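Please keep the sequence and the structure in view while reading.

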Amino acid sequence: MSEERNWATHREAKARKLAAISSLLDGKIAQTKDAKTLLEGLIAPGDKVVLEGDNQKQASFLSKTLAAVDPEKINNLHMIMSSISRPEHLDIFEDGIASKMDFSFAGPQSTRVSQMIADGTLKVGDIHTYLELYARLYVDLIPNVVLVAADKVDHEGNLYTGNNTEETPVIVEAAAFHDGIVIVQANEIVDKVPRVDIPSDWVDVVIPADEPYQLEPLFTRDPQNINELQILMGMMAIRGIYEKHNVQSVNHGVGFNTAAIELLLPTYGEQLGLKGKIVPNWEVNPTPTLIPAIESGWVKSIHSFGGEVGMEKYIAARPDVFFVGPDGSMRSNRAFGQMAGQYALDMFVGSTLQIDQYGNSSTVTNGRLSGFGGAPNMGSNPTGRRHSTPAWQSLRPDNDPLGKGQKLVVQMVETFGSNKRPVFVDSLDAVKVREEAKLANVPIMIYSEDTTHIVTEEGIAYLYKTDSMAERQAAIEAIAGVTPVGLRSNPDTVKDLRARGIVAFPEDIGVNRNQATRSLLAAQNMEDLVKWSKGLYNPPAKFRSWS
Amino acid sequence: MSNSFVELHARQRAEALLDAGSTRELIGPFDNMISPHLEPQGIVPEADDGIVVMKGTMAGKNAVVIAIEGSFQGGGIGEVSGAKIVAALEHVLADNKAGKTVYPIIILDTGGVRLQEANYGLLSISEIQNMIIALKKYVPVIGLVPGRVGSFGGMSITNALLSYVIGTDKARIGLNGPEVIEQEAGVKEWDSSDKNLIWNTLGTKQRQATGIIDEVVDDDVAAFKQAITSAINEKKDSQRDQRGDFYLSLLDQLDPSQPLDIAGYDKLFKQVTVKEHHLAPAVAGTEAGTKSRGRNWFEILTGIKNAQSEVPTVLHAQKDGREYIAIVPDEHNRFPRVQHGEVGLQEGYTVASVVNDLIAADKDKPATQKTPIVIVVDVPSQAYGYKEELIGIHMSLAAAASAYARARQAGHKVVAFIPGDAVSGGFLAQGLQSNRLVALDDLDITIQAMSKASSARITQRTIAELEEATKHVPAMAYDIENYQKLGSLYRLIEGVKGYDHDARAVGTVEAALDDAFASLDDAPTDLSFRYTNDIAVNGADGGRKATNQVRALMDQQWNA
Amino acid sequence: MNSLWIFPGQGGQSASMLQGVDADLRTHVEDLLGLKLQDTDEAYQDSVQLQVGIELLQVAQIDAMFKAGLRPHLVAGHSLGVFAAAYALGSLQKDDLFRTVKRRAELMQGAYPSGYGMGVIVGLSRSEVEKLVARVHSTAHPVYASNQNAEDQTALSGELDAIAQVVALAKQNGAARALRLKVPVPSHSPLMTEVSTQLAAAMSAVELTKPNGIYLANYSGRAVRQVAPILEDLTANLKYPVYFEAMMGVARDYQPDSIVNFAPGQPFRKVLAQKFGDLHQINLNQMSVSDAAFLLNKWERGSY
Amino acid sequence: MEKLHFKYQATQPIDHPVHIGVVASGDLEVIMKPTDKTESELNIVTGSDGFKEVWQNVLTRFFARYPLLADFEINDFGATPGVVNLRLTQAMEALKDEQ
């Protein structure tokens, strides 16, 4: 027998590193000024590092500190980030501190991401959906170091992450139980945390931040900016999809189309007598445009991926609806939210920048590699699903004895974007971007096969009813307006598709276009939302309503 | 949930107020009465030119709703839109005079003059104001400012003349838009990017607290209807154009060299001790006042050398039975924003006091013996300043316009003599309520609705593009000769310039004034001369042809 | 303050634009270059008067901004404006700037005495314009798609006849506007390769220092923080298109909190509105530096 | 600004005029009036130049689905094709509702 293998190399390496910097710690608590020295001591060249860049919450103090380290000491890191949101997330690649990236979403940095991939400055591991990225943290992307953000930390190192818990648990767990190093930036060190979201023995180092972590109100849509096309599409969706399929649980993507639906439920939905019959259960961020529907009794439960700035008090006062801890503040969790969104929902409704002639959609456009948000998980049909609901069953094909239901995946788009560019195109920009960025796959957000409905201002295409790709294309053409795709539509085919219920125009489902006015919205501006919330909602300054 | 009034467009707003089934639109979108001035400038017109005139009943009472469409060209008033309002109000007046009570309701959603039809807009607005003042003797003229654009520019002056004004918290009221003040007086005077400051200053909450708007209701159709009904039933009239003594007293107690914020103003507003204000005639002085064309001609025509007055910027005096009134610059004035002759808070109210005193003095005289008035016009603009807007300069200008209009309607002959600039709100207050405009043919005179720099900024054109437009559209031009092509002048006096004072020049001007007054013997006391003279009716460059078409069409449709 | 400073090139000049320029600076530049600046419309027909005049105006405004305690985080010059941009980051020194700009103007003036220039097409994508250009371009009649000023706004550089042909084709193919510009040089195209080479030679003695901020390069549309790409941009941008649209896309990723548009003119209103929405902007052709400082400080405090 | 003129074969005459919309930014107004002619005539004033082909496509699609015989006047302030289609179909619905 050869020499006994050492089975704890990770643990020993971690212990050595921590020992080397132990003089800078008081228990687990460090001082702000030592942040750079700490990172230089705890991160090694080539390490896999998770930097918490969530959808809303950013570990901005740690990301700035990482961008300031000496590239001679730390280089060639392999970054794993669900969201590339801040300039320094990419600066570290320019300076050689990092070289490879696995990520999900890059919306706020999409131009630079595409340039840096093209220039070879940034090597992409892969572009993931959220759940995939979290899953790989436990399989082949196990992190050496994770850098996360907390609101409050006590002297023991227990973390309170509160409303914006988001991804912190799933990231920390991957490191804490595989001898990775967990470094936390704290807005505040307190004697006692309101509740423990992450226990202290999962945490190695806590650094008080120079300023609170960045938090963006990403899911706030000012009703002032909802237009009549969006209202018309919302009316069609409510009648032709929510009501028709008896939808009980839903996720709404972020956008004005879905905000319109939320604000139409208490008015148009009420007129149709749908209250109490549809969408009581939601997996969605606490978007302020849901307030009127909640207040008028449409909503039974909401679980959220993250918090939303300004909604804290309102959420705390509605514990029957939201997930609120015993301390009285909300707890969010993106990993569980994505899981629920993929498996437990009847329907996903979202929007996109381009849809091709077959029905594939993508938000990646020329020069902007934005990646994916939560849409691919929620906007896909989980073939592992076994439980049945009326909406799911309603999509079951009649002619297959082993057939099963399907999740409703709805794309709502105006046929032309605000820049007057067509949304329906023969070929997605994403195809070209794949070539330029040398990606393995075309970055498609939602595949045609998963897309069951497309709603435009012209009508609804019930794609799940089509029985061939040619028919699917014809249904898309019928509602694609005067885009290159729509122009191929044949009037006789359209008549046939309408007769067979594969395409519906507003008049076919009893929607009156002249009713589509802004007066039909339950709230027309932010002020109205505040009134609906009985003063509990406190909009961020940039959303102050100026009419 | 409430039924939003603000979200509605003009036509829907009119329909929402009137009883279902009772409505009839006049000069509507099918009548093809579009502005002839927009397409030549590359601007898409609207079939109703942004004005909806709708007859009907409100809770059974006869009513006419005049609604301005704020989302078409910012609710700006041009020739056709202005003429629609004037013609409608004229019929309302005639009906009421004939004993048929009709209630006019005006929905304001407007930036004021439509800058692409600048001088037409200014003329129209003065004619609208004339009608409102005449109508108030018979019925309350109710104004609504629901919000989106709000009520600005020349139409804020109109707003101040209305009997009773109702709005929501989505509305703002002010004379000069913050962007214009920033352009004219600098960003330190008013930062137009500062939305908080804008809303806190011009929003209806503040405006209601300081008497600029009468009532603020929820954004709800029913709330508006109810407020209108009670205003009509109770014949509410806030007489906003008659508050000169209050505001002149307030200004006496204000130190314009110190900053004034909202809280400070609110405090001052509550503490005012009201004193009567009467301005004594100007007297000869030893030192020359700040030089201006207006002062030059005031001194010539009244024979008062180095005229001085207790209010240094307002000169008035009688000579040979005529009252002369001038607003002049005062380089050391305690209000910095009027030092170049602009019409400010004090000027408007003071002119109003002078004219009101004259109306009162001549109250019992027969019309033929009422003192004729000469308005000496040399106003480069209204005053652009933060304090001016906070206090409500539009009401001061309204007070002056109202006084001149009431004097004229009472029988005073009013002639405006224009030796200097005649611009924007200043001109609406000091000149445009006369029934004869007489001007020097002097190309140094600027006559317009807004300075080039501001107009370019607001209409998002370069100054070069703006100047190009002025070549094709006389109403866009800045000179008096193009102005004459509109038919608005009674006489353009050739061969005399603003600073002339020789005997020949004086004789020519005096003869022209005599002639203008003579023409007013037995003439109507309204402003109809401007669109009924030969140039207006037949002028090759447009005149007021569209105005006359609108008037004819309104006559045809009113009782159809 | 995380401010983006933008420096336009030629086009917005007007007589008397140098009136507010610091007199000492103007004298210094005139002495340095042995050149009397006329500041009249006629003089601005001359390339040297024009280019030196514009850069003098921009440098004077930069100095005044510095004096008011204001610095950029990001800079973007357009064509000639790159020199002021490099100066604003402390990378290029003042005297080097003016000597180089004068040389640049002389070289450009002599390059194409007649028959060449630029055009612009609005309403077609770059790839659509490139297809039309390919149909017309030949060695004898060269024309190139050059500057990308907005997503749907592509410039043309080349021989005038060839430009006219592309303009005509563009109109037939749905362009909202297509026209020749009053520019007598086929700038930002391979036709300027020789001029670039000479300019690079003229700049060989100039030392740049590391910029204290982020520089958006014309020729690549990239954000850079190193000397080499800045030098490349200063010497060679004449032979490459200005990828201004891409520069602004990158600038947006840096999340600036305000934009300062330097004089003369205000040519980027549309693309800035597309990229930045209602982000705070200063236009120094309409506003004094003192007013600009007032606003920037107020925005910094967040008291609005 | 650009003026456009189109004619379309149509089969469903209208019996009274209808008006929809406002010339607001990104919006348009549509007027339809009864006609004695055998084809629909459209006079369009649009603030956005270079979109003749797009207009033709929008109208062709509209008339294929709703062949209304009328005189059309359209004043457009830069509406997207979707908004144009919405106003045209709203006018069509308004005619139906009133009948």
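A cavity is a set of grid points where a 1.4 Å probe fits but cannot get out, and a volume is the space filled by probe spheres set on the points. The model discussed here is a predicted one, and the structure holds 5 cavities of 30 Å³ or more. In the largest cavity there is about 80 Å³ of space.

**The largest cavity**

Which residues line the largest cavity? From chain A the lining takes A:L232, A:E457, A:E458, A:F505 and A:R513, while from chain D it takes D:R61, D:F62, D:R65, D:Y66, D:N85, D:L86 and D:T89. The elements that give two or more residues to this lining are α1 (52-65) and α2 of chain D. Sorted by class, the lining of the largest cavity has 5 nonpolar, 2 polar and 5 charged residues.

**The contact between chains A and D**

A:R513, one of the residues that line the largest cavity, also forms a salt bridge with D:E93, with a distance of 2.9 Å from N to O. Between chain A and chain D the count is 4 salt bridges, and there are also 14 residue pairs in polar contact, with both residues at pLDDT 80 or more. On the side of chain A that touches chain D, at least two residues each come from α8 (228-243), α16 (469-478) and α17 (491-499) of chain A. The largest share of that side is supplied by α8(A), which gives 3 residues. By class, the side of chain A that touches chain D consists of 13 nonpolar, 6 polar and 7 charged residues.

The size of an interface is often given as the accessible area lost when the parts come together.

| Pair of chains | Residues in contact | Buried area | Share on carbon and sulfur atoms | Salt bridges |
|---|---|---|---|---|
| Chain A and chain D | 26 residues of chain A, 25 residues of chain D | about 1900 Å² | 50% | 4 salt bridges |
| Chain B and chain C | 9 residues of chain B, 11 residues of chain C | about 890 Å² | 49% | 3 salt bridges |

Chain B and chain C bury about 890 Å² between them, and in chain B the residues that lose the most area to chain C are B:V187, B:K188 and B:S193, which together account for 48% of what that side buries. The side of chain B that touches chain C is made up of 1 nonpolar, 3 polar and 5 charged residues.

**The second largest pocket**

About 900 Å³ of space lies in the second largest pocket. Its lining holds 33 residues, and those nearest the centre of the pocket are A:N514, B:R11, B:Q12, B:E15 and D:I20. At least two residues of this lining come from each of α1 (10-17) of chain B and β3 (18-21) and α2 (81-98) of chain D. The lining of the second largest pocket divides by class into 12 nonpolar, 11 polar and 10 charged residues.

Over all chains the count comes to 79 salt bridges. One of them joins A:R195 and A:D327, with the closest N and O atoms 2.9 Å apart. A:R195 lies in the loop between β8 (181-190) and β9 (205-208) of chain A, whereas A:D327 lies in the loop between α11 (312-316) and α12 (334-343) of chain A, so the pair ties together parts that are 132 residues apart in sequence.

Most residues other than glycine have a negative phi, and most peptide bonds are trans. Where in chain A does A:E166 lie? A:E166, which has a positive phi near 45 degrees, lies in the loop between β7 (159-160) and α7 (168-176) of chain A. In chain C, a cis peptide bond joins C:A263 and C:P264, with omega about -5 degrees, and C:P264 lies in the loop between β9 (258-261) and α10 (269-276) of chain C.

Key. Residues are numbered from 1 along each chain as its sequence is written. Chains are lettered from A and ligands numbered from 1 in the order in which they are written. This is a predicted model: local features need pLDDT of at least 70, side-chain atom pairs count only at pLDDT 80 or more; totals for chains, interfaces and linings use all residues. Side-chain values use heavy atoms; hydrogens and water are left out. Contact means heavy atoms within 4.5 Å. Buried area is the accessible area (1.4 Å probe) that two parts lose on being put together, summed over both. A salt bridge is a side-chain nitrogen of Lys or Arg within 4 Å of a carboxyl oxygen of Asp or Glu. Ala, Val, Leu, Ile, Met, Phe, Trp, Tyr, Cys and Pro count as nonpolar, Asp, Glu, Lys and Arg as charged, and the others, Gly among them, as polar. On a 1 Å grid over the protein atoms alone, a cavity is a set of points where a 1.4 Å probe fits but cannot get out, and a pocket is an open set with protein on both sides within 12 Å along at least five of seven lines; lining residues have an atom within 4 Å of a point. Helices (H or I, at least four residues) and strands (E, at least two) are DSSP runs, numbered from the N terminus. A polar contact is a pair of N or O atoms within 3.5 Å; within protein, one must be able to donate a hydrogen and the other to accept it, and residues adjacent in sequence count only if both atoms are side-chain atoms.
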